[in-house]
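Please follow this account with the sequence and the coordinates side by side.

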There are 2 protein chains.
Amino acid sequence: MPRNNRRGSPWWQGQLRGCGLRVTLGRKAILDVLTRAEKHLSAEDIYMRVHPLCPSVGLTTVYRTLEVLVNMGLVNKMVFGDGRAWYELAAGPRKERHHHHLICTKCKRVIDYTDFIDEELEFLKKAEKGLSKKYHFDITNHEIQFNGLCEKCRSS
Amino acid sequence: MPRNNRRGSPWWQGQLRGCGLRVTLGRKAILDVLTRAEKHLSAEDIYMRVHPLCPSVGLTTVYRTLEVLVNMGLVNKMVFGDGRAWYELAAGPRKERHHHHLICTKCKRVIDYTDFIDEELEFLKKAEKGLSKKYHFDITNHEIQFNGLCEKCRSS
DNA sequence: GTTTATGCAAACTGTTTGCATTGCT
DNA sequence: AGCAATGCAAACAGTTTGCATAAAC
C-alpha cells in the first residue's frame, strides 16, 4: 500500500476528514507510527514512539485516538491472554499485512505467521457465509490464534 | 463426558491429585460450577455461583484456582475485546463443547457457534502440522473469532 | 505435623473519564 | 468564532500479591 497519494498527503488524511474528524498533530504522529510498525503495538508502545516526535501527545490521546481509529475500521484492536490491548493497521484477508498468531502459554510470546492464507480463505469463505446467514451477523473481520508452547518453552 | 467415574468421584479428582494438588472444598465447588456451566464464565460469575454453595470461598481463591486449572489444561481462559477474562472447561476439537465465537464490535455480545467443525478440522490439521514444523511450536489449542455486527446492531 | 490453600486488605496495571484549555477548520 | 481534541489528574475495573490463618494430607 503506497504511503502517500499523488499530492503527498498520507493515505489516511482523506479517511479522517471523510468522517468529519480533524487532522491533528497527534493523530498524524500516531498513524505514522502505526504505518511504520512491523508488528502489533500496545498503547504504551505507541506512546513511547510518538512522544519523542511530538512531546505534547499524552497517553490519554493515544487511547482516545486508537478508539476512534478502531471504530473507523482503520485499526484492529486485539487482546491476548494477558488482558492488554494490541493495535495494528487493519488489512483485508488478501493483503500483505494479513496474519495470525501463535501464543506461547508459558512465556506469553506472540509469533505472527502468514502461512496458510489460501487454505484459510477457503475455510473462512464457507464459514462466514454460513454464519452470517444462520446468526444474521455481518462479519467484518476474523482472528485465529493457536495456543501452545514455543520452541524455547517446550524444551525446558 | 460422564460427570463421575465408577466410584462416584468427579472425573477431575484424579487429575488434581495426579498433579500433587489438594482436593479442597473451594476447588470442588469451582469445578462443579464449571462443569454445569452452559457457556464461558467470568471470574466474577464463578464467584457468584460458588459463593451461595460455599460461602467461605472468596474471589481470590477463584482466581488462584482458575490459574491452576488453566495451567493444567483443564480449563481454557480467553479474553475478548473488553480485556476481561472468560473461562470454560477445555475440550478437544471433536468434543461436544468445542465451539468458537462471534463478537459484536458494537454491543460486545459474544455468540457461541458450533458449526463448521468438520471444515475447520480439515484446515486446522494442515495448519497445525505446518506451523509446528516451521516454528517448532507445540500447538495444544486454538481459538477462532469472527468480529462484526450482530443482528440487533446492524439494523440500528 | 507439615505443607499447601485460603481470606482479607492492600497494591497494581491498563484503561477511562471530568474538566479546564488548546488548536483545527 | 466555534467546536472538536487534548493534557492532566483522578477514578475505575479486573486481577494479583503479602501475610497471617485454616485445612488437606
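Predicted model: local features only at pLDDT ≥ 70, side-chain atom pairs only at ≥ 80, totals over all residues.

Along the principal axes, the C-alpha atoms of chain A fill a box of roughly 45 × 45 × 30 Å. Of the 156 residues in chain A, 42% are buried. Among the contacts in chain A with a separation of 6 or more, 48% are made by residues 24 or more positions apart.

Helix 3 of chain A, residues 43-53, shows how one element is set into this fold. Its buried residues include A:Ala43, A:Ile46, A:Tyr47 and A:Val50. Because these four cover an arc of only 100° around the axis, they lie on the same side of helix 3 of chain A. On the face turned away from the buried side of helix 3 of chain A are the exposed residues A:Met48 and A:Pro52. The buried residues of helix 3 of chain A are covered by elements of chain A that include helix 2 (25-36), strand 1 (41-42), helix 4 and strand 3 (85-89).

What is found in helix 3 of chain B, residues 43-53? There, B:Ala43, B:Ile46, B:Tyr47 and B:Val50 are buried, and they fall on the same side of helix 3 of chain B because the arc they cover around the axis is only 100°. B:Met48 and B:Pro52 are exposed, on the face of helix 3 of chain B turned away from its buried side. The cover over the buried residues of helix 3 of chain B includes helix 2 (25-36), strand 1 (41-42), helix 4 and strand 3 (85-89) of chain B.

The next step is the interface between the protein chains. Contacts join 42 residues of chain A to 42 residues of chain B, and the area buried between chain A and chain B is about 3,900 Å², with carbon and sulfur atoms giving 63% of it. On the chain A side, A:Phe123, A:Phe137 and A:Phe146 lose the most area to chain B, and together they account for 18% of what that side buries.

From here the account turns to DNA strand C. Of the 19 residues around DNA strand C, those that come nearest are A:Arg22, A:Tyr63, B:Ser56, B:Val57 and B:Thr61. Among the atoms of DNA strand C that come within 4 Å of the protein, 67% belong to sugar and phosphate. In chain A, the side chain of A:Tyr63 has an N or O atom 2.2 Å from a phosphate oxygen of DNA strand C. Helix 4 (59-72) of chain A and helix 4 (59-72) of chain B are the elements that give two or more residues to the surface near DNA strand C, and the largest share, 4 residues, comes from helix 4 of chain B. By class, this surface has 5 nonpolar, 7 polar and 7 charged residues.

Sugar and phosphate make up 68% of the atoms of DNA strand D that come within 4 Å of the protein. A polar backbone atom of A:Val57 is 3.0 Å from a phosphate oxygen of DNA strand D, and a polar backbone atom of B:Val23 is 3.0 Å from a phosphate oxygen of DNA strand D. B:Arg22 has a polar side-chain atom 2.8 Å from a base nitrogen of DNA strand D. The elements giving two or more residues to the surface near DNA strand D are helix 4 of chain A and helix 4 of chain B, and helix 4 of chain A gives the most, with 4 residues. The surface near DNA strand D has 7 nonpolar, 7 polar and 7 charged residues.

Note on methods: Residues numbered from 1 in each chain as written. Chains lettered and ligands numbered in written order. Heavy atoms only, no water. Near = heavy atom within 4 Å. Polar contact = N/O pair within 3.5 Å; in protein donor to acceptor, adjacent residues only side chain to side chain. Nonpolar A, V, L, I, M, F, W, Y, C, P; charged D, E, K, R; others polar. Buried < 20%, exposed > 50% of the residue type's maximum accessible area, 1.4 Å probe, protein only. Arc of directions from axis to C-beta. Contact = heavy atoms within 4.5 Å. Buried area = accessible area lost by both parts, 1.4 Å probe.
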